[in-house]
Every structure is written in structure tokens, then in C-alpha cells.
Amino acid sequence: MNYENILTSFQNGITTITINRPTKLNALNKVTIKELHEAFKSADDDKNTKAIIVTGSGEKAFVAGADISEFADYDSKKGKKLAKKGQELLFNFVENLSTPTIAAVNGFALGGGLELAMACHFRVASNNAKMGLPEVSLGVIPGYGGTQRLPQLIGKGRAMELIMTAGMIDANQAHHYGLVNHVTTPEELLPHCEKIASKIARNSSVAISAAIKAINANFEDGVDGFEVEVSEFGNCFDTEDFTEGTTAFLQKRKADFPGK
Ligand code: COA
């Protein structure tokens, strides 16, 4: 499929989605959000895709935020709609994908950019990356899940400070905070993510998707994550992947999971 603002590629079971508006530092306008939704959906629906990597084009930015020019004249009604629609189409959608999704943070990840990275299942950053939620410097607050996911990932006090100061942290600080799992050179960023994705691809995709559901349940209001775990754990026993995984172990060979 051809997109205006994103590029997609597929290799060795990994779909890479690249946000491609480098002259606007890959800022998320409405078209890009819609295209990202479609690209993530089609990768998630594709049985051959075992992991998704999302990154930004150019050397400067992952995503420098939501496109400020699109909402500069909005009122409260339009603002609420913007946040709700964006959360549904992209941020909550990505968090709940059954395919593991890694953010390869290759430069500025600000506002909606950091919110997108935080919606991914985990993050790897290059050592030139800078991250922050600078919305209060514009007179708004993060609207794509940032006030919820940042404290989940780095703790309430750190999230309060980062949001209140509209500050930016570098990749090492983000690593220290647990916001990113690894820091690499810019050249090593994608190869490193691909290496992790290949490791993931060797395991049961059915079990991984059940694990994502159970882990996400921990953060859902009114949901007992332990119960979700019990249910997802039980369901695994009826899958072909479970039969293959346990049989392969007992036969002392590598499992070849059918993904069913
Ligand atoms: N929305 C719309 N356009 C954006 C953007 C955004 N969030 N971030 C950057 N751009 C555009 C700039 O307007 C500029 O476009 P132009 O060349 O047509 O004028 C282009 O991207 C390059 O950005 P520029 O500001 O010139 O680069 P810089 O290296 O001087 O600064 C940043 C980089 C990231 C510090 C700066 O662009 C910035 O502060 N961006 C906004 C970050 C933000 O507040 N995000 C949260 C939005 S809710």
C-alpha cells in the first residue's frame, strides 16, 4: 500500500514502519495518524509479521510531536475530539496490538512522539535521542496518553517534574529512568531492534499475544490482571503452539511454532 507520510518494509518476519515527514521532524498530523493506524493494522493482521518496529526518517527526529499547526485554532470541543480520536486510532490501538511493537527512537521524541513511543510495547533509543512532553509550554497538556503512560513507566514524581518543566531528557537519562530499554549508536539502532525482534520471532506468537493482554490488564481500570493472567494462561493449553513447544522441549529439539 502507498502512503503519503509513512514508509513500510518487511524482512525476516519484521515489519518496519518509518514516519516520513523529515522536513516537519515527522510531526503527527491527522493524515499521518490515520496512515499509521492502517499500517499497524495491516502488519498486525499479517501472519508473517512477528514483530513491528516503528521509527522516524532522517537523523534528527523520531517524532517532534503532534502537528501544532493543525490545532492552533481549536476550541475545547475540537480539542477533546482530537485527543479521543488520536488515542483510539493510534495510541491505545498500538498498545493493544497482539504483535510485539518496538519504538526505535532515533532523535527528538517530543509530545505525541514520546506518547507514540510509550504506547509501543518497549523502546530502544539512539544516543542522540531527546525525549519530553513539552505541552505545558504551549498551554496544553499531553492528550495522547502521556499523563498516564509516563508515570506508569518512570514513576509519578519524575513524570510530574518532566511534564511540569516541559523539559527534555537525553537517552542515558531515559535509560536510567527505565523509559527506554537500551541505548545504541544511531547506526546500531535498527540492527539492535531487529536483533531483539528476531529473538521474539522464535517464540510462540500466540503465547506472546496472550502475555501482552495479561501485562496490559495490569494497567486497565476495573480489571483484575491476575484473573486475566489465569484465563490467558489456561487458553494457551488448547493451542497448537503449546503442543509444539512442550513436545519440542521433551524431544530436545527447537520448537517450530505454527502460530496457532
Ligand atoms: N508540529 C508542527 N511542525 C513542527 C513540529 C510540530 N510539533 N515540530 C517541528 N516542526 C517543524 C517546524 O515548524 C519546522 O518547520 P519549517 O521549517 O516549515 O518552519 C521544522 O519542523 C523544523 O523544526 P525546527 O523548529 O526548525 O527545528 P529545530 O532543530 O530548530 O528545533 C525542536 C527542533 C524539536 C526543538 C523544535 O522543532 C520544537 O520545539 N518542536 C515542537 C516540539 C513540541 O512542542 N512538541 C509537542 C507538540 S504538542
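**Note on the aromatic pairs and the open sheet**

1. Phe233, Phe237 and Phe242 form one aromatic cluster. The model is predicted, with local features needing pLDDT of at least 70 and side-chain atom pairs counting only at pLDDT 80 or more, while totals for chains, interfaces and linings use all residues. Residues are numbered from 1 along each chain as its sequence is written, and side-chain values use heavy atoms, with hydrogens and water left out.

2. Three aromatic pairs are present in the structure (rings of Phe, Tyr and Trp, the last by its six-membered ring, pair if their centres lie within 6.5 Å; planes under 30 degrees apart count as stacked, over 60 as edge-to-face and the rest as tilted). The ring centres of Phe91 and Tyr144 are 4.4 Å apart and their planes stand at 15°, so this pair is stacked. Phe91 belongs to helix H3 (residues 76–95) and Tyr144 to the loop between S8 and helix H5 (146–154), so that the pair links parts of the chain 53 residues apart. Phe91 and Tyr144 are both buried (under 20% relative accessible area; exposed is over 50%, partly exposed in between, with a 1.4 Å probe and protein chains only).

3. Phe237 is partly exposed, at a relative accessible area of 41%, and Phe242 is partly exposed at 31%.

4. Four strands make an open sheet in the order S4-S6-S8-S9, with mixed pairing (strands pair if DSSP finds at least two bridges between them; strands, E, of at least two residues and helices, H or I, of at least four are DSSP runs numbered from the N terminus). Its edge strands are S4 (61–63) and S9 (169–170).

5. Strands S6 (residues 108–110) and S8 (residues 130–132) run parallel and are joined by three bridges. Ala109 has Met131 in S8 as its bridge partner.
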